[in-house]
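Here are my notes on the model you sent. Please read them with the structure open.

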Amino acid sequence: MPLVLSRENILLAYRNIKNNTWSNSAGTDKLTIADIGNLTPEEVTAKFRYIVSGTKRGIWDRLIQQCFEQVLEPICEAQFSKHSYGFRPNRSVENAISDTYQRMQLSKLHYVIEFDIKEFFDNVNHAKPTGLKKEVGKEEKLLRLKKTDTANRQC
C-alpha cells in the first residue's frame, strides 16, 4: 500500500475532493474537507493511516476512497475495452450511442437490439476481476484491504 499511503497521493486526494462542488458538505463525523485542511500534511497522513486500520469513518472515509481510486483507476482503465462506456471517466451514454451509430454505418447495418443484463453480476465469475491483483504488484495488500472493506459494508 505504499502508493495509496504516500504523502503525495493523500495531498492529491485532498485537492481533488476540495475542488468538488459538494466539498463543503459535512461527513458523518460532522467534519468538512476544510477541517482536514487545517492539519499539517504529516497530521493528515498519520490520521489517514490510523483510519485505514478500520477505526473511524466520515469525511476521512471519502479521503480514503479517493486515495484508492487514484491508484486503482489507471490500473483498471488499462484493462478495459475501448468499446466499454459504463461508469468510466470521460465516457458517457452519448459516446456509446455515437460509437454504435458510427460502427453501424461502417458495417451497413440497420438495426440495434437492446437487452437488459439484469442479474448479470449475480452470475459473473468474480475470480476474473480479482485477477487484477497480478497487475497491481506491490499494491496486492491494497486490493485485499479493499475487498475486505467492501465485504464488511453490507447495505
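The points below go from the overall fold to single residues.

1. Basis. This is a predicted model: local features need pLDDT of at least 70, side-chain atom pairs count only at pLDDT 80 or more, and totals for chains, interfaces and linings use all residues. Residues are numbered from 1 along each chain as its sequence is written, and side-chain values use heavy atoms, without hydrogens and water.

2. Fold. The chain has nine helices and zero strands. Helices (H or I, at least four residues) and strands (E, at least two) are DSSP runs, numbered from the N terminus.

3. Burial. The chain has 155 residues, and 26% of them count as buried. Buried means under 20% relative accessible area, exposed over 50%, partly exposed in between (1.4 Å probe, protein chains only).

4. Cysteines. The whole structure holds zero disulfides (a disulfide is a pair of cysteine sulfur atoms within 2.5 Å). Cys-67 is buried at 0% relative accessible area. Cys-76 is partly exposed at 25%.

5. Surface patch. Ile-113, Phe-115, Ile-117, Phe-120 and Phe-121 form a nonpolar surface patch. Together they have about 610 Å² of accessible area, by the Shrake-Rupley method with a 1.4 Å probe, where for residues only the protein chains shown count as cover. Ile-117 sits in the loop between helix H5 (93-107) and helix H6 (120-123). Ile-117 is partly exposed, because its relative accessibility is 45%.

How values were computed
Patch = residues over 30% accessible without salt bridge, like charges linked within 9 Å, V, L, I, M, F, W, Y side chains within 5 Å. Salt bridge = Lys/Arg side-chain N within 4 Å of Asp/Glu carboxyl O.
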